[in-house]
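Reader: I have a chain open on my screen and would like to talk through how it is put together. Could you start with the terms you count by?

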Amino acid sequence: MAAQANNRLWNGYTFNGTGAVSLSEGIQNYIDSNHRFAGVIMWIGIDHNRGYHDTMSPCGIWDLMRIPKYAYYAFASQRPAETDEYLESQDVETSPLLFIASSWSETAPVMDKSDGQTVGTDTSREIYVYSNAEKVKLSVLNASGKTLWSQEHSPIQEKTAGNLEHPPFFFENVPYTSGSYLKAEGYDSQGNVIAEQEVHTAKEPAKILLEADDRGMSLTADGSDKVMVYATIVDEDGNVCQSADNLLTFSVEGDASIVGDGDQRVGANPVQASAGMTGIYVEASKEAGTITVTAKADGLETASIEITSHALEAK
């Protein structure tokens with residue numbers, strides 16, 4: 001995911017025969033053309049199944065379940081750090097953002113390429129942080145909060161990365177020790193902390209968390225309205241277990257159903273978690289009321305969530 005995020009954002013992304021480039025290269029093309037571009041678009045936003053092949057296309061910045069990947073946060077970091085009331089009124093998020101592109105797991109992902117490039121090692125790691133801050137400090141702390149390692153960096157300026165409003169931050173030789181955790185702090189031009197995040201190593205999967213992504217809109221009992229219910233596998237402390245791939249079985253009580261339930265071609269229920277997360281679409285029927293969604297998996301604490309569907313007031 002880190003490689004995809006960097007390729008899409010600044011690191012020389014190309015797709016033969018299409019003219020596709022990274023965002024920073026697209027900006028460079030705009031500059032070189034004397035500003036004769038109307039804009040740029042990205043293909044494609046969401047991972048999708050292919051009509052011509054059994055394999056899924058993993059090229060999106062959201063996966064099939066609309067769960068954000070690292071690339072989502074890389075693009076989101078290009079938003080303004082200052083709150084823009086007009087953009088907010090148009091449902092466009094502004095304000096500070098910071099995201100550590102790492103799960104800080106016991107074993108770091110290692111990707112060996114034909115040119116010998118390696119991303120990540122077991123004890124000395126490469127970490128990218130996506131943020132709209134002016135500077136970022138990344139620290140490794142032990143369980144008691146004592147700093148074991150710390151570095152502060154400005155955004156990278158490699159290749160065409162400087163074309164971006166907010167280039168990413170890169171930290172190398174970050175030392176991993178068991179029981180430690182990562183902490184990143186983003187600073188504005190006056191040195192004030194405007195965003196921060198911690199990433200703790202997940203323990204063994206313990207339970208399921210459910211969340212209904214209603215985006216602030218109530219579910220209408222009209223026989224077709226749907227809501228996404230996300231399931232996240234976490235440890236006893238609530239950390240996402242990004243290596244978890246448990247098979248989750250969902251059930252619904254109330255006047256609603258799971259989209260694709262029982263259809264083996266869809267594989268909607270039961271469904272296997274990917275990177276510790278998955279989801280289902282719950283479709284309301286025509287009787288308003290309380291809908292209870294339950295998720296179960298072997299060895300994990302069962303979770304339930306209630307959703308209220310509201311009567312259709314007007315066609």
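Author: Helices (H or I, at least four residues) and strands (E, at least two) are DSSP runs, numbered from the N terminus. This is a predicted model, in which local features need pLDDT of at least 70 and side-chain atom pairs count only at pLDDT 80 or more, while totals for chains, interfaces and linings use all residues. Residues are numbered from 1 along each chain as its sequence is written, and side-chain values use heavy atoms, with hydrogens and water left out.

Reader: Fine, so how many helices and strands does the protein chain have?

Author: The protein chain has 4 helices and 20 strands. Its radius of gyration, taken over C-alpha atoms, is 22 Å.

Reader: Let's turn to the sheets; which strands are in the mixed one, and in what order?

Author: That open sheet holds 5 strands in the order S13-S20-S19-S15-S17, with mixed pairing, where two strands pair if DSSP finds at least two bridges between them. Strand S13 (219-221) and strand S17 (271-272) stand at the edges with a single partner strand each, so one side of each has no neighbour in the sheet.

Reader: How do S13 and S20 run, and what is the bridge partner of Ala221?

Author: S13 and strand S20 (residues 303-311) run parallel and are joined by 3 bridges, and Ala221 has Ala311 in S20 as its bridge partner.

Reader: Which sheet has antiparallel pairing?

Author: An open sheet of 4 strands, in the order S12-S14-S18-S16, is paired that way. Its edge strands are strand S12 (207-213) and S16, each of which pairs on one side only. On average, neighbouring strands of this sheet are turned by 30° against each other, direction ignored, with axes being lines fitted to C-alpha atoms, for helices over the stretch in contact, and angles running from 0 to 180 degrees between N-to-C directions.

Reader: How many bridges does S18 make with S14, and how many with S16?

Author: Strand S14 (residues 226-234) pairs with strand S18 (residues 277-284) over 7 bridges, and Lys226 has Glu283 in S18 as its bridge partner. Strand S16 (residues 256-258) pairs with S18 over 3 bridges, where Ile258 is partnered by Val282.

Definitions and conventions: The radius of gyration is taken over C-alpha atoms; the globule rule is 2.2 Å times the number of residues to the power 0.38.
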